[in-house]
Amino acid sequence: QVQLVESGGGLVQAGGSLRLSCAASGLSFSSHSMGWFRQAPGKEREFVAAIDWSGGITVYVDFVKGRFSISRDNAKNTLYLQMNSLKPEDTAVYYCNVDVNRATRKAGQYWGQGTQVTVSS
């Protein structure tokens, strides 16, 4: 049974940083591409970033380029999202996902429970 557990969210002032983590179990983590999505209140869930199985290829949505960095530690079965220069519009619940299609940015089947990120102005 695939389990994804996000952590690291919280309340931060604009311009601040947070590092999200996603601990994965029940799968061969190093064989799967991974990604992050987010959902703000009243909005649809949207793609944020994705990374291939090795960590060598990353893809970002335009509005986070240069501010967010996705990475992974296959030895620890953990996915990360380093978020810098946070803006109030980054406020959302952030979810990790397995088997994100980097080309289409379409999500895979499995989701975590999400972690809340709130950026105050």
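Reader: At 32% relative accessibility, how is W111 classed: buried, exposed or partly exposed?
Author: In this predicted model, the relative accessibility of W111 is 32%. Buried requires under 20% and exposed requires over 50%. W111 therefore counts as partly exposed.

Reader: What kind of pair do the rings of Y95 and W111 form?
Author: Their centres lie 6.1 Å apart, and their planes stand at 85°. Planes over 60 degrees apart count as edge-to-face. Y95 belongs to strand β9 and W111 to the loop between β9 and β10, 16 residues apart. The geometry of Y95 and W111 is therefore edge-to-face.

Reader: Is Y95 buried or exposed?
Author: The relative accessibility of Y95 is 12%. Since the limit for the buried class is under 20%, Y95 counts as buried.

Reader: At what distance from the ring centre of W111 does the charged end of R45 sit?
Author: R45 also lies over the face of Y95, at 3.7 Å from the ring centre. Over the ring of W111, the charged end of R45 sits at a distance from the centre of 4.3 Å.

Reader: How many aromatic pairs are counted?
Author: Ring centres must lie within 6.5 Å to pair. Ring pairs link F37, F47, Y95 and W111 into a cluster. The count of aromatic pairs is three.

Reader: What kind of pair do F37 and W111 form?
Author: The ring centres of F37 and W111 are 5.1 Å apart. With their planes at 75°, the pair is therefore edge-to-face.

Conventions:
Residues are numbered from 1 along each chain as its sequence is written. This is a predicted model: local features need pLDDT of at least 70, side-chain atom pairs count only at pLDDT 80 or more; totals for chains, interfaces and linings use all residues. Side-chain values use heavy atoms; hydrogens and water are left out. Rings of Phe, Tyr and Trp (its six-membered ring) pair if their centres lie within 6.5 Å; planes under 30 degrees apart count as stacked, over 60 as edge-to-face and the rest as tilted. Buried means under 20% relative accessible area, exposed over 50%, partly exposed in between (1.4 Å probe, protein chains only). Helices (H or I, at least four residues) and strands (E, at least two) are DSSP runs, numbered from the N terminus. A charge sits over a ring if NZ of Lys or CZ of Arg is within 6 Å of the ring centre and within 35 degrees of the ring normal.
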